[in-house]
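Student: I have a structure open and would like to talk it through. Could we go over it piece by piece?

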Amino acid sequence: MITTRAKDPEPDPNEWKDELCSAFTKASASQATLAVRVQDRLTTTFFIYNGPHNKPRRVARFALRRVNDAVILSCHLWIAPSLRGKGLSHAIDKARLAVARQMGCTTLIATVHTDNEIQLRAMRNRGWITAGTIPGVKAPWIYLMYRQITTTATTKSSRVDI
Ligand SMILES: CC(C)(COP(=O)(O)OP(=O)(O)OC[C@H]1O[C@@H](n2cnc3c(N)ncnc32)[C@H](O)[C@@H]1OP(=O)(O)O)[C@@H](O)C(=O)NCCC(=O)NCCS
């Protein structure tokens, strides 16, 4: 018997994009906007732009790739060097959590280089857990991280508001 999965729920940026864009607008003193690109059946990439209307500058990117019904892989996170160190990784983490929840997932996973101290700190502060290093991957080693999606705050960070 052939079974098919119901169509994945579409993420609705309207629920979280204002908060995300306003964090970038505040940090850059220039209006930020969001662009969503569906890369393929499983992967969606989110871009944040700011700057002049006729020549917007890409200042951040993150992508989410569905692994199965319950799990989404977070990848390709990048913030422009000029906007780093302003807490924007937390704003993105909050947005990707919202997307994962909208898509009916219970867990986010990601890989992070073990020497990426800033990203590791940011993720651990927002409830991400290190599952372990991935064997056989050459240095710098890579941690596999996961983050469970709950409806109540589970981390010690005061920034968490989920
Ligand atoms: C990793 C990256 C996304 C972090 O984004 P960011 O907006 O600069 O990070 P934040 O400002 O939110 O800071 C995250 C944490 O690191 C700390 N931090 C930031 N810059 C720091 C620095 N230069 N030195 C020490 N700590 C720093 C912050 O205080 C914050 O800690 P907190 O959670 O206790 O508040 C960004 O640096 C980046 O795009 N790097 C290149 C691509 C990359 O590494 N992507 C991740 C792949 S897994």
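**Contacts, core and ligand shell**

Tutor: Let us begin with Leu 88. Apart from its neighbours within four places in sequence, Leu 88 is in contact with Ala 23, Phe 24, Ala 27, Ala 60, Ile 79 and Leu 83. Please keep in mind that this is a predicted model.

Student: Which residues have the most contacts inside the largest nonpolar core?

Tutor: They are Leu 20, Phe 24, Ala 60, Leu 88, Ala 95 and Ala 100, in a core of 25 residues. The elements that each supply two or more residues to this core are α1, β2, β3, β4 and α2. The largest share, eight residues, comes from α2. As a general remark, nonpolar side chains tend to be buried together in soluble globular proteins.

Student: What does the second, separate core include?

Tutor: That core has six residues, among them Val 112, Trp 128, Tyr 143 and Met 145.

Student: Back to α2. How many residues does it have, and how far does it reach?

Tutor: Helix α2 covers residues 88-102, which is 15 residues. From its first C-alpha to its last it reaches 21 Å, close to the 21 Å expected at 1.5 Å a residue.

Student: Why is α2 described as largely enclosed?

Tutor: Eleven of its 15 residues are buried, so the rest of the structure largely encloses α2. The buried residues include Leu 88, Ile 92, Leu 97 and Val 99, and also Ser 89, Asp 93 and Arg 96.

Student: And what covers those buried residues of α2?

Tutor: The cover includes α1 (17-28), β3 (57-66), β4 (71-79), β5 (107-113) and α3 (117-125). After α2 comes Gly 104, which has a positive phi, near 80 degrees.

Student: New topic: the ligand. Which residues are closest to it?

Tutor: The closest are Arg 84, Ser 89, Gln 119, Ala 122 and Asn 125, out of 17 residues that surround the ligand. The elements giving two or more residues to this shell are β4, α2 and α3. Of these, α3 provides the largest share, five residues.

Student: How many of the shell residues are nonpolar, polar or charged?

Tutor: By class, the shell has seven nonpolar, seven polar and three charged residues. Note that Ser 89 is among the closest residues to the ligand and is also one of the buried residues of α2.

Student: Now the strands. How do β1 and β2 run, and how many bridges join them?

Tutor: They run antiparallel and are joined by seven bridges. The two strands form a hairpin with four residues between them. As one example of the pairing, Ala 32 has Asn 50 in β2 as its bridge partner.

Student: Where is Gln 31 placed?

Tutor: Gln 31 is in the loop between α1 and β1 (32-38). Leaving aside neighbours within four places in sequence, Gln 31 is in contact with Thr 25 and Asn 50. The C-alpha atom of Gln 31 is separated by 8.4 Å from that of Tyr 49, which is 18 residues apart along the chain.

Student: Why does Gln 31 count as partly exposed?

Tutor: Gln 31 counts as partly exposed because it has 15 C-beta neighbours inside 10 Å. A residue would need 20 or more to be buried, and 12 or fewer to be exposed.

Student: That loop has Ala 29 too. What is its phi?

Tutor: Ala 29, in the loop between α1 and β1, has a positive phi of about 55 degrees although it is not a glycine. Ala 29 counts as exposed because it has 7 C-beta neighbours inside 10 Å.

Student: And what about the phi of His 76?

Tutor: His 76 also is not a glycine and has a positive phi, of about 60 degrees. His 76 is found in strand β4 and is partly exposed, with 13 other C-beta atoms within 10 Å. Most residues other than glycine have a negative phi, and most peptide bonds are trans.

Student: Speaking of peptide bonds, is the one from Ala 139 to Pro 140 cis or trans?

Tutor: That bond is cis, with omega near 0 degrees. Pro 140 lies in the loop between β6 and β7.

Student: Last one: is β6 largely enclosed or in the open?

Tutor: Strand β6 has five residues, residues 129-133, and the number buried is zero, so β6 lies largely in the open. β6 pairs with β7 (residues 142-148) in the antiparallel sense over four bridges. Within that pairing, Thr 130 stands opposite Met 145 in β7.

Notes
Residues are numbered from 1 along each chain as its sequence is written. This is a predicted model: local features need pLDDT of at least 70, side-chain atom pairs count only at pLDDT 80 or more; totals for chains, interfaces and linings use all residues. The expected span of a helix is 1.5 Å times one less than its number of residues. Two residues are in contact if their C-beta atoms, placed from the backbone, lie within 7 Å. A residue is near a molecule or strand if its C-beta atom, placed from the backbone, lies within 6 Å of it. Ala, Val, Leu, Ile, Met, Phe, Trp, Tyr, Cys and Pro count as nonpolar, Asp, Glu, Lys and Arg as charged, and the others, Gly among them, as polar. A nonpolar core is a set of buried Ala, Val, Leu, Ile, Met, Phe, Trp, Tyr and Cys residues joined through C-beta atoms within 7 Å. Two strands pair if DSSP finds at least two bridges between them.
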